[in-house]
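Please keep the sequence and the structure in view while reading.

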Amino acid sequence: MFSLNLTPAAHHSYFPLPQKRFGCFPARFPIGSFTVRSSSSLQEVEKFTESSAEGKDLNSELYASVPLPPIKTSKRVVLVRHGQSTWNAEGRIQGSSNFSVLTKKGDAQAETSRQMLFDDAFDVCFSSPLVRSKRTAEIIWGDREEAILTDSELREIDLYSFQGLLKHEGKERFGAAYRQWQVDAANFNIDGHYPVRELWARARNCWDRILAHESRSILVVAHNAVNQALVATALGLGAEYFRVLLQSNCGVSVLDFTPQVEGGSPIICLNRLNQTPNSPVASGSSGGRKAAKRIVLVCHGVSETNEASSSFLDDKPMNMLGTIQSQKVAELLLDLKVSAVISSPKKACVDTAATISSVQEAADCLGADCVPRYVEMKQTSKLDVDNILDHFKQDVASVTVFEPGWLNKLDDVMITEVWNQSSEAWKSLLNEMADEKEPEKVIVVVGHPAILLGLVGRCLNLTKDRIGSFHLDAGSISVIDFPDGVLMVNGQRTLEGTQHLLARSSILKFAPMLIVEIATCKKT
């Protein structure tokens, strides 16, 4: 357990289901009429492609585009990946094979998850039938009387001939096919199958059964890839997002579903992604790859205005709880060597930035032979909203930025302004990261929550209507990794590689392999 009280156990503010729910974004719109299968062979997908005007582009969204079934009441679905397995420890490709079991570390991780989720009043538990997942579910479920429901379609991705191989063996035996699996998984095929597309189809099928269950608080225990697919298909993201929404062993992701008055697909919000009890910044790797450059987005602590929320227009200093939150974030970031802290000019942001900077500098002076290190502090209005509020102040005066779904209360013009502002901030940050003189660089960014949400959207290559679908808490952090670096394309800074999204208490981990993790400090 992490000592900073940042684990889910420290912020069980998973909203009570009966309260008024917020609007995030509606589930995807259908692209056409077709049948969703539990798996699709290479020939089936190619046949569909030939009959489609969109061709390859449509394939990547084939199953993500199917609307979710309507629901009558709000539901919360908590996704958990199994603990470390024997094949995880060996670096062996598991796929949907059922030969590995939990290690002692995996058992301990599952027990920690049980403690983290102890206060959650789950009504039902769905589990993959594979031993490593089912055992994790049994540990978390504890002595509850209700039986665990196994669903074969919650099994891990089917990897056919790859299964059972060590990763280096996969490279040696399959060459180009293994390379495609690494760099273009959505179009990867083996033994006549598209494994990732099949997985997306299975995940979409699972939602029909999960959401049809009468329960309102649902636990699902499964695997890395299938949990990625569950999150992605709920949000309407295609198979190209594979390895973007990463799931650590016993990582917890939370999706909230709200019925629409007019019926149809529910409104969906990713409340948190890959929340684990461990430090979100300690590993230094992004999907198994070393990340030399990293941006850490930090949401300042709560202000004097209100302990639970903060006005869109606030420029108040943090209250005592907010100060504690900023200190805990600073302690959490001691696992990193921060190069610079960039903040909005607002009081709460500046104070949070100063705390992080001073803790970083002090930590380097603990040894007898230490050399004092200077952590640069910068301020930029690009991380704030003051310059876009002149004509909207009356409209946003009552909006509170730590209320789930608050961004959706803004009108389209205002959201467009926030989105455009986040674009300027994103470009500026990419320029900061692109300095070739510093091959390893960590920048901490403390900004207005609206701009931070916009940065998450930019990082994930989403559109402006999606940024209200994510939630940031006071004192949360989001880690964005750049294992492939920052490049120049047509004179513009861009990210190389794929994007990954990983989060902790409230957010994601993303980037061209970007990885975003989040941890939140909350009053217990």
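Which residue meets E153 in a salt bridge through its side chain? The partner is R209, with a distance of 2.7 Å from N to O. This pair links distant parts of the chain: E153 is in the loop between strand 4 (149-150) and helix 6 (167-174), R209 is in helix 8 (residues 195-212), and the two are 56 residues apart. A salt bridge here is a side-chain nitrogen of Lys or Arg within 4 Å of a carboxyl oxygen of Asp or Glu. Helices (H or I, at least four residues) and strands (E, at least two) are DSSP runs, numbered from the N terminus.

The model is a predicted one, in which local features need pLDDT of at least 70 and side-chain atom pairs count only at pLDDT 80 or more, while totals for chains, interfaces and linings use all residues. Residues are numbered from 1 along each chain as its sequence is written, and side-chain values use heavy atoms, with hydrogens and water left out.

E153 counts as buried because its relative accessibility is 10%, and R209 counts as partly exposed because its value is 35%. Buried means under 20% relative accessible area, exposed means over 50%, and partly exposed lies in between (1.4 Å probe, protein chains only). A salt bridge of 3.8 Å, N to O, also joins the side chains of D158 and R202. D158 is in the loop between strand 4 and helix 6, R202 is in helix 8, and 44 residues separate them. Both D158 and R202 are buried.

Side chains of opposite charge can pair when their charged atoms come close. The whole structure holds 17 salt bridges. One of them joins the side chains of E90 and R92 at 3.0 Å, N to O. E90 is partly exposed because its relative accessible area is 43%; R92 is partly exposed as well, with 23%.

Next comes the annotated site. The unreviewed UniProt entry carries a "binding site" annotation that covers R81, H82, G83, Q84, S85, T86, W87, N88, R132 and K167. UniProt positions are given in the numbering used here, feature names are shortened, and annotations may be inferred rather than shown by experiment.

Q84 is found in the loop between strand 2 and helix 3 (86-90). Its relative accessibility is 16%, so Q84 counts as buried. The side chains of Q84 and T103 form a polar contact of 2.7 Å, meaning a pair of N or O atoms within 3.5 Å; within protein, one must be able to donate a hydrogen and the other to accept it, and residues adjacent in sequence count only if both atoms are side-chain atoms. W87 lies in helix 3 and is buried, with a relative accessible area of 13%. Beyond its neighbours within four places in sequence, W87 is in contact (heavy atoms within 4.5 Å) with residues including R92, F99 and G164.

R132, also covered by the annotation, is one of the buried residues of helix 5 (residues 131-141). The buried residues of helix 5 pack against strand 2 (75-81), helix 4 (104-116), strand 3 (124-127) and strand 5 (217-222). Just after helix 5, G142 takes a positive phi of about 60°.

For the chain overall, the secondary structure comes to 14 helices and 16 strands. Of its 524 residues, 59% count as buried. Among contacts between residues at least 6 apart in sequence, 76% join residues at least 24 apart.
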